[in-house]
Amino acid sequence: MKNDWIEVELGEVADIISGKNQKEVENPNGEFPIYGSGGVFGFADQYLCPPGTTVIGRKGTINSPIFVNEKFWNVDTAFGIHPFEYVLPKLLFYFCKGFNFKNLDKSTTIPSLAKRDLLKIDFPLIPLPEQRAIVARVEELFSELDHAISNLKSAQAKLEIYRQAVLKKAFEGGFTSNIDSFVSELPETWRKLKLGAILRVSSGKGLTSSQMDGGDYNVYGGNGKNGNHSSYLFEEAKLIIGRVGVRCGVTHITSPKSWVTDNALVVEFKENETHDLKFMKLKLEFENLNKLSNSTAQPVISGSKIYEYEVMIPDFNEQLQIVQEIESRLSVADKLAETIQTNMLKSESLKQSILKQAFEGKLLMEAELEACRKEADWEPAEKLLERIKKEKSKAKKS
């Protein structure tokens, strides 16, 4: 902590506004947006939070702060954190972006935060000119990173378009009957059938994060590999399908001797059916099984829906040929996609590093700090805290 900074409790410099149920104020034509931890999902005739408030989830998504620069209503599963005078709203927002609210989660089921814990968070109170300089520098660096991330996402989207084009050609018979050209009809060796005619699915077995003990065997769920365990459920590699949530319908192939959790479905082929796992993974990926979910809230896919879905399936030898042709075309693209994803993760990690430096007093150069000290409103943080307390006292009396 720098000499002209002081550490205070968040409750000393900010008001934490509890959300309320929006039913009585909800109006599609209302003037004020309604915010939850995921953003806007309606409008209201009244507001609870002033402009310059940071939204933090009280339950569910608790680690994704949102800055709102207009009056708004926050629902009862979200807090609004608004700074008192002499603390810049954007500085508080960036502090929240760098703070790990998961460390305050004491729940055993749905992540949740308590107001009393938020009020006690240690917050660095900084002289005003330095606050402005820190915010300006963070936004400058974030703008550069966001531009880079935007370019990465654009490249990622182009690769996905190419990938889908390759898969489309593959599953229209373009790589088996007349290589490198489209055909008007599928070969006679392709069967039109319901998935239930060739496979059955079953749920994996639940495993909490605390039970993932770092053992020798991989643990898979709807989002792929997500841990290790000291025992396994399946001797051989398995094709699995994400069962619920954002990964609903997504396919993966496990390693041999692995555990599959209950948020994924495990595919078993019938005794008289022989299919290549890689082919079936790519085929089901292309078919986008997520569309089979009939849930209006969180997507969920069931075996009965999968069994009724019709597909065109070639014989085993053609499956091997198709996989070879797909892999020869996508190997470079997949490596590029992996590199892009790695760089995107690095960019997000770099943002956290920038925020860490900012609130440790390491982001500004000495020349910038000297310039801040020469500004008319520069004064040590102790003086700012005195001003804040006086303003709070006045507000209470009025």
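Predicted model: local features only at pLDDT ≥ 70, side-chain atom pairs only at ≥ 80, totals over all residues.
**Ring pairs**

A pair of aromatic rings is described by the distance of the centres and the angle of the planes. Searching the whole structure gives 12 aromatic pairs. One of them joins Phe99 and Phe101: the planes of these rings meet at 70° and their centres are 4.9 Å apart, so the pair is edge-to-face, because an angle over 60 degrees counts as such. Phe99 is partly exposed, with a relative accessibility of 22%, whereas Phe101 is buried, at 1%.

Another pair consists of Phe171 and Phe286. Here the centres are 5.4 Å apart and the planes stand at 45°, so the pair is tilted. This pair links distant parts of the chain, since Phe171 belongs to helix α4 (residues 128-171) and Phe286 to helix α5 (residues 277-287), 115 residues apart. Phe171 is buried, with a relative accessible area of 6%, while Phe286 is partly exposed, with 25%.

**A cluster of rings**

Phe99 and Phe101 also belong to a cluster, in which ring pairs link them with Phe95, Phe123 and Phe359.

**Charges over rings**

The charged end of Lys90 sits over the ring of Phe67, and that of Arg329 sits over the ring of Phe175. The table gives the distance from each charged end to the ring centre.

| Charged residue | Ring | Distance to ring centre |
|---|---|---|
| Lys90 | Phe67 | 5.1 Å |
| Arg329 | Phe175 | 4.2 Å |

Terms used. Residues numbered from 1 in each chain as written. Heavy atoms only, no water. Phe/Tyr/Trp six-rings, centres within 6.5 Å; stacked < 30°, edge-to-face > 60°. Buried < 20%, exposed > 50% of the residue type's maximum accessible area, 1.4 Å probe, protein only. Helix = DSSP H or I, 4+ residues; strand = E, 2+ residues; numbered from the N terminus. Lys NZ or Arg CZ within 6 Å of the ring centre and 35° of its normal.
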